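Student: I would like to learn how to read a structure such as this one. Could we take the features one by one?

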Amino acid sequence: MRRDKGRGGVIVHPYRGYGSHREAFIMGRVFRQPGRLMRWEEAGVMRDLVDVARRVVRHGVADARVDIRLGATQATVTTDRDGYFYAHVKITHSLPAEAIWHTAKLEVISEDDAISTETEVYIPPVSTDLIVISDIDDTVMYTGVANKLKMLYRLFMEKAHRRTAFPGVAAFYRALYGGAEGNRKRPMLYVSRGPWSIYEMLEMFFNMNRIPAGPILFLREWGLSLKRPWPRRAEEHKSDVIQNMLSLYEDLPFILIGDSGQHDPEVYTEIVKAHPERVRAIYIRKVDNDPERDAAIEVLANEVRHTGCELVLARDSVSMAEHALSKGFISEEGLEAVRRDQRQ
C-alpha cells in the first residue's frame, strides 16, 4: 500500500506455497489497485482509512495468464473472475533435499502489463513426524470475535504492532515447530476467517512476535455482493482446509489448535470422527467463562477419546505445553521457554 505512492495500477501478490515432494500448491492474486483521489503524505487516521478502503475495493484482473516454474517443473494457469490463481504443480524432478523453502518464479501476463515475481514454497523435510494446524483469531492473536464491531475494527484497522499475541503462544509454537529434538521443522499451518486483504498484516504480526511463519496463512475470499452480503461460514472454510491437508500429508498425524469462542471444538471433533487415529491432540484455548460451554466441550472430549486423540481445554499456553511435553510433542526446554514467555 505504501510503495505505490497512491498511484494504483496492476499488482501481483503471490502467497506462500506449500506441498509435498510429489506436488505443490501455489496461489495468489492479480488485482488492479485503485489510486488515491487525494494525497496524504503524513501518516495519520485519514490516510489509514483511505488505504483500508483501497485494499478492500481492489478489483481482480480476470483471465491473466500465470506461468510458474518450480525447479525444472513448469505450470500455467489463468486467474478467475476475482483475479485469484490456484496452481497445482506436479513435481516431476527432485528438489534439493536439504531445503524446506523453495523459490517458485512467476510471470504474470495481463492485458495491461507483464510482471515477473517469485514466492516461497514450503515442502517439509523427510524427517517430519507431525503437522500442526492452528486457528489464528482468539487462538494466536486476540481478536474478540464475540463483539462483531470491535472485531471488524481490529481486523481491518489495527496495525501489526498494535495487535496482541496471547502470552506464551509464540514460545509454544516454536516448541511444536522444533519437536522433542528441537530441529524437526514441522509444518505450521494457520487458518483464519479473515479475508486475503489482511495477509500482509498477518505476515508482519507473525514476524514481529517470532511465531513460526508456516507455509501459508489459509485465509478466504469473502466475495461480498448484493446477493451474498456476508462471507460463507468460517467452519466450512476451516474444515475444507484441514481435509485437504489430511489428504496431502496422508502418512502424517496432526495436532489441531483452536479456541472455545467459536466452533473450533465441534469442527475438530468431526474431523477426528471422519479420520480416526490421524489427530493426536486438540488444544482449545478457553476464552470465556461459560460453564455450559465447558461442559459441552467436555462431552466432545469424551466422544473422541477412544480414537487416541485427547481434547484439552486450557486457559493458558503453559497448560497446553505441559500436556504436549507429557505426550512427547515438545522438549523440556520448550516448556521452560513457554513458562518464561508467559511470565514476561
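**Reading the features**

Tutor: R210 is found in the loop between α4 and β12 (217-220). Helices (H or I, at least four residues) and strands (E, at least two) are DSSP runs, numbered from the N terminus. This is a predicted model, in which local features need pLDDT of at least 70 and side-chain atom pairs count only at pLDDT 80 or more, while totals for chains, interfaces and linings use all residues. Residues are numbered from 1 along each chain as its sequence is written, and side-chain values use heavy atoms, leaving out hydrogens and water.

Student: Is R210 buried or exposed?

Tutor: The terms rest on relative accessible area: buried is under 20%, exposed is over 50%, and partly exposed is in between (1.4 Å probe, protein chains only). R210 has 56% relative accessibility and therefore counts as exposed.

Student: How many helices and strands does the chain have?

Tutor: There are 9 helices and 15 strands. Of the 344 residues in the chain, 52% are buried. The accessible surface (Shrake-Rupley method, 1.4 Å probe; for residues, only the protein chains shown count as cover) comes to about 16,800 Å², with 51% of it belonging to carbon and sulfur atoms.

Student: How many residues of helix α3 are buried?

Tutor: In helix α3 (residues 169-178), 8 of the 10 residues are buried, so the helix is largely enclosed by the rest of the structure. The buried ones are V169, A170, A171, F172, Y173, A175, L176 and G178. They pack against β10, β11, β13 (254-259), β14, α8 (317-326) and α9 (332-343). After α3 comes G179, with a positive phi near 75°.

Student: Which residues is Y173 in contact with, leaving aside its neighbours within four places in sequence?

Tutor: Contact means heavy atoms within 4.5 Å. With those neighbours set aside, Y173 contacts S134, T139, V140, M188, Y190, I211, P212 and I257. For the chain, among contacts with a separation of 6 or more, residues 24 or more positions apart account for 69%.

Student: How many residues does the largest nonpolar core have?

Tutor: A nonpolar core is a set of buried Ala, Val, Leu, Ile, Met, Phe, Trp, Tyr and Cys residues joined through side-chain atoms within 4.5 Å. The largest one here has 36 residues, and F172, Y173, L176, Y283 and F329 have the most contacts inside it. Two or more residues each come from α3, β11, α4, β13, β14, β15 (310-314), α8 and α9. The largest share, 7 residues, is from α3. Another core, of 31 residues, lies apart from it and includes I131, L189, Y268 and I282.

Student: How many aromatic pairs are there?

Tutor: Rings of Phe, Tyr and Trp (its six-membered ring) pair if their centres lie within 6.5 Å; planes under 30 degrees apart are stacked, over 60 edge-to-face, and the rest tilted. By that rule there are 9 aromatic pairs. One of them joins F172 and Y173 edge-to-face, at 5.9 Å centre to centre and 70° between the planes. Both F172 and Y173 are buried. Y190 and F206 also pair edge-to-face, at 4.6 Å and 80°.

Student: Where do Y190 and F206 lie?

Tutor: Y190 is in strand β11 (residues 188-195) and F206 in helix α4 (residues 199-208), so their pair ties together parts 16 residues apart in sequence. Y190 is buried at 1% relative accessibility, and F206 is buried at 2%. One aromatic cluster takes in F172, Y173, Y190, F205, F206 and Y283.

Student: What does the side chain of T119 reach?

Tutor: A polar contact is a pair of N or O atoms within 3.5 Å; within protein, one must be able to donate a hydrogen and the other to accept it, and residues adjacent in sequence count only if both atoms are side-chain atoms. The T119 side chain reaches the backbone oxygen of Y15 at 3.1 Å. T119 lies in strand β9 (residues 114-122) and is buried, at 9% relative accessibility.

Student: Which side chain does D137 join by a polar contact?

Tutor: The side chain of D137 is joined to that of S192, at 3.1 Å. D137 is in the loop between β10 (131-135) and α2 (148-156), yet it counts as buried, at 2% relative accessibility.
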